Amino acid sequence: MSQTILHMTGPGVLGVRVGAPMLRDLLDVLVDAVQQSVRVRAEGRSRAAGPTPAWLDRAATFLVEIRPGSTQLVLDAQRLGDLVPDRFAQLSTFEPLDPRATCLDVFVDALDDALASKPDSDLYDDGLIETLTRFVRVLDQDVDSFEIRNGRTRRFDRQSVDSLRQLQRSIPADQRVRVAGKLDLLKHSNRIFALLMPGVDLRGVVVADADFARLGQLLGHQVIVSGTAKFRPSGKVSRVEAEQIVAAEGDTTPWESAPQPLFSALETRSLRIPQGPKSGVAALFGQWPGDETDEDFESAIRDLS
């Protein structure tokens, strides 16, 4: 069992007596964040349509104990290689993972990369970032901050939430794409695939119903993939969510390059220009003569329309 400690501080923290709404909100976000962190490592995505898979429920299981003396939650989890050996016994996940790691280890690794705003990290995606910002519900209940200790200590407070929201805004919007390359990897268990393209290996997830026996016949061959590209904050492709994979025919050169975001995130603060005494609205004051008649004003308006 690996141990992780979550230590809360603030006026709303009352030692071993924890407010039920605060505990509910904390565990609600924590369970979702742990599950999604594990799923990112296994499938390259934090969320998917439909019920939570049984293997993910097993993999993201952990125990909680409130330690006497202060508001410290002691979290324990078993190794992923023991809980779900069919998924994690070997280093064959979307992002290589030590099977001796626990779901809590995976969670804090993702949290570290997100709080550091690493633009090319494979440990988080937009869905997981959105979930992490929900920790603000805990902070809203007279909690100043909490520390998560797992090998080292990291602090989470309102500044952390602001940083995560900024990171989320920097992720380019999803984009419909068509790409071509050699189908180099295909796994039915977690629905992942990989394309070999000139200068880049593109990874993805099959999100539509698919005949994997038929797709297996395409391994090692040139294929065309149609779907949605998901991007990292850096603008590089995180994954392609494939709705269709078919054998390539004819010249596929136009689709043999990694997708690029058409639009980058807009930083609204760049649109805000400070106003001085001679700029903005202030520049208009005193400019209207003010001695015209109502008839003159109405006539000027008619001329402008």
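Biologist: Hi! Is Arg155 buried, exposed or partly exposed?
Modeller: Arg155 counts as partly exposed, because its relative accessibility is 47% and the exposed class starts over 50%. Bear in mind that this is a predicted model.

Biologist: Got it. Where is Arg155 placed?
Modeller: Arg155 belongs to strand β5, which covers residues 153–156.

Biologist: And which side chains make a polar contact with the side chain of Arg155?
Modeller: The Ser145 side chain is one partner, at 3.2 Å. The side chain of Asp157 is another, at 3.1 Å.

Biologist: Nice. If you skip the neighbours within four places in sequence, what is Arg155 in contact with?
Modeller: That list has Leu115, Ser145, Phe146, Glu147 and Ser160.

Biologist: What about Leu6, how far is its C-alpha from that of Arg155?
Modeller: The two C-alpha atoms are 9.8 Å apart, while 149 residues separate Arg155 and Leu6 along the chain.

Biologist: Switching to rings: how many aromatic pairs are there?
Modeller: The count is 3 aromatic pairs. One of them joins Phe146 and Phe156 in a stacked arrangement, with 5.1 Å between centres and 10° between planes. That pair links distant parts of the chain, with Phe146 in strand β4 (residues 145–149) and Phe156 in strand β5, 10 residues apart.

Biologist: Are Phe146 and Phe156 buried or exposed?
Modeller: Both Phe146 and Phe156 are buried.

Biologist: And which residues do ring pairs link into a cluster?
Modeller: Phe135, Phe146 and Phe156 are linked that way.

Biologist: Last one: what sits over the ring of Trp255?
Modeller: That would be the charged end of Arg178, 5.4 Å from the centre of the Trp255 ring.

Conventions:
Residues numbered from 1 in each chain as written. Predicted model: local features only at pLDDT ≥ 70, side-chain atom pairs only at ≥ 80, totals over all residues. Heavy atoms only, no water. Helix = DSSP H or I, 4+ residues; strand = E, 2+ residues; numbered from the N terminus. Buried < 20%, exposed > 50% of the residue type's maximum accessible area, 1.4 Å probe, protein only. Contact = heavy atoms within 4.5 Å. Polar contact = N/O pair within 3.5 Å; in protein donor to acceptor, adjacent residues only side chain to side chain. Phe/Tyr/Trp six-rings, centres within 6.5 Å; stacked < 30°, edge-to-face > 60°. Lys NZ or Arg CZ within 6 Å of the ring centre and 35° of its normal.
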